[in-house]
Amino acid sequence: MRDYDLDPIELLTPTEMGRADALTIAGGVPGYGLMLRAGKNVAAAAADMLREGEGRRVAVFCGPGNNGGDGYVAARLLREQGFEVAVGALGDPARLGGDAGQAFLDWGGTIAPADSLDPRACDLVVDALFGAGLSRPLDGLALQIVERINASGTPVLAVDVPSGLDGANGAIGSLAVRARETVTFFRLKPGHVLLPGRTACGKLRLTQIGIEDAVLRQIGPQNFLNAPALWRGHMPWPETYGHKYARGHLVVATGPAIRTGAGRLAARAGLRVGAGLVTIASPEEALAVNAAHLTAIMLRGVDGPAQWRDLLADRRFSAVVLGPAFGVGEATQAVVEAILGAVAKDAGRRFGLVLDADALTSFSSQSDRLSHMIQASGAEVVVTPHEGEFSRLFNKKDGKAPVKPEGDARAYEAASDMPLQPTEFPYKIDRARASARALGACVVLKGPDTIVASPDGRAAIARNAPPTLATAGSGDVLAGLIGGLLAQGMATFEAAACAVWLHGEAANLFGPGLIAEDLPEILPRVLADLVPR
């Protein structure tokens with residue numbers, strides 16, 4: 001397990017971080033005390049970077065708010081350690097009030113206009129211009145300064161987030177500072193792990209400034225880092241007196257004879273992740289092809305909605321994966337309807353369904369219909385679109401111009417009687433959350449920063465997916481991992497998040513040259529590190 005998976009899992013938006021500060025101050029900790037600790041942590045990180053590069057000269061760019069206040073504290077402490085420090089202010093620092101104003105007064109040294117500092121004349125730049133709450137594009141003088149910093153080639157330490165990055169969603173407006181390292185406080189923010197923001201941050205250094213974890217209970221964060229601490233306690237490990245029938249029976253659908261490989265990849269992954277039994281449900285024409293490739297995985301001939309209803313009348317089947325190379329069209333819609341209808345008629349049955357690839361494309365522009373089926377069924381459903389499939393599923397054909405909301409999905413819908421289509425939200429995390437609520441299903445919106453969103457508002461962001469996962473069949477393996485965990489009774493959100501993390505870690509462990517077939521085979525080595533000791 002890599003070091004970054006030891007970070008706390010809660011991700012705080014800038015608004016939530018402001019509340020954490022306010023709750024701490026209300027509890028008796030002076031606001032300036034928090035700023036002094038933050039500045040001390042910035043200075044420590046800057047000193048480390050300077051010593052590593054054998055440098056002595058540092059330019060600290062300070063903005064007009066509390067981020068700038070952190071910069072003034074860091075500048076003073078670096079000067080006290082003997083470093084050559086130049087401070088540049090954006091705006092008139094004499095007009096600063098509150099804690100930032102006190103930090104400026106305590107600096108007490110020379111101040112130059114920020115645009116007069118030459119980043120090339122120093123060994124390190126400390127970017128304390130703007131914090132995580134900046135939600136508009138940089139412009140004017142601030143944009144020019146950031147352009148000069150980036151063009152200089154001088155290493156940059158960013159305070160909280162690189163200036164120009166929105167800490168709530170990872171968005172970059174016109175431009176953001178490209179930092180080698182970013183030092184932040186108490187908890188990471190969504191913008192630190194979502195793209196494109198993640199690429200601007202460089203190495204993340206999470207530090208503590210005296211805020212107690214107890215404030216999280218009052219804040220109730222809904223965004224999480226997808227790491228073992230989020231779902232490890234929900235994993236279904238084999239029990240001493242257990243048997244295969246107690247570990248769930250996963251069914252994976254395959255397409256016709258010439259399109260069976262995707263289903264077998266999913267089935268193999270479901271078996272590897274611990275499902276007690278796995279059966280491939282195949283059209284009659286594909287039985288021979290599948291039989292030639294299967295050993296521990298069983299095979300059943302299932303063709304059309306009626307046969308799917310007959311199959312699922314057996315309550316021993318606990319989950320289905322449908323979609324990989326299954327075929328697009330009304331026939332696939334009918335199978336989805338048959339599966340969900342069979343579950344709906346079986347009150348009290350716990351049943352998991354993963355809809356992937358062709359199963360989603362078959363409902364292009366019909367998300368409302370799919371939502372009705374899902375919510376009427378009572379099944380625990382996970383849908384796994386990439387951005388293209390997501391756009392097709394939620395595409396509207398009524399010709400209305402999309403509405404760009406202000407703020408995030410929760411804030412907009414709380415203030416409006418007119419729910420938006422998920423595709424109308426500009427930021428990935430809000431699209432994922434809105435689509436989960438609209439479908440009544442867990443949504444895995446795939447990509448380098450895959451987001452798992454629950455209808456209850458929770459969202460988990462992955463940061464461990466290597467680019468080698470961009471290979472044919474990788475998504476089929478992910479669908480099988482989710483299905484295998486659902487078959488064993490793992491809670492839906494946790495199962496999806498766990499599968500996404502396992503998928504990324506298996507790829508990291510294998511390294512270059514990865515193909516989809518490698519993922520299930522290396523999975524046991526990933527699981528071995530998670531087994532309770």
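Axes are lines fitted to C-alpha atoms, for helices over the stretch in contact, and angles run from 0 to 180 degrees between N-to-C directions. Helices are DSSP runs (H or I, at least four residues), numbered from the N terminus. This is a predicted model, in which local features need pLDDT of at least 70, side-chain atom pairs count only at pLDDT 80 or more, and totals for chains, interfaces and linings use all residues. Residues are numbered from 1 along each chain as its sequence is written, and side-chain values use heavy atoms, with hydrogens and water left out.

**Exercise 1.** Find how α2 and α4 pack, and which residues make the contact.

Step 1: the axes of α2 (residues 31-52) and α4 (residues 98-107) lie 9 Å apart, at an angle of about 55 degrees. Step 2: α2 is therefore oblique to α4, since angles under 35 degrees count as roughly parallel, over 145 as roughly antiparallel, 65 to 115 as roughly perpendicular and the rest as oblique. Step 3: with contact meaning heavy atoms within 4.5 Å, α2 brings Gly-31, Tyr-32 and Met-35, while α4 supplies Asp-99, Ala-100, Gln-102, Ala-103 and Asp-106.

**Exercise 2.** Now treat α10 and α21 in the same way.

Step 1: the axes of α10 (residues 261-272) and α21 (residues 518-528) come within 9 Å and cross at roughly 25 degrees. Step 2: these two helices are therefore roughly parallel to each other. Step 3: Arg-268, Ala-269 and Arg-272 of α10 meet Pro-520, Glu-521, Leu-523, Pro-524 and Leu-527 of α21.
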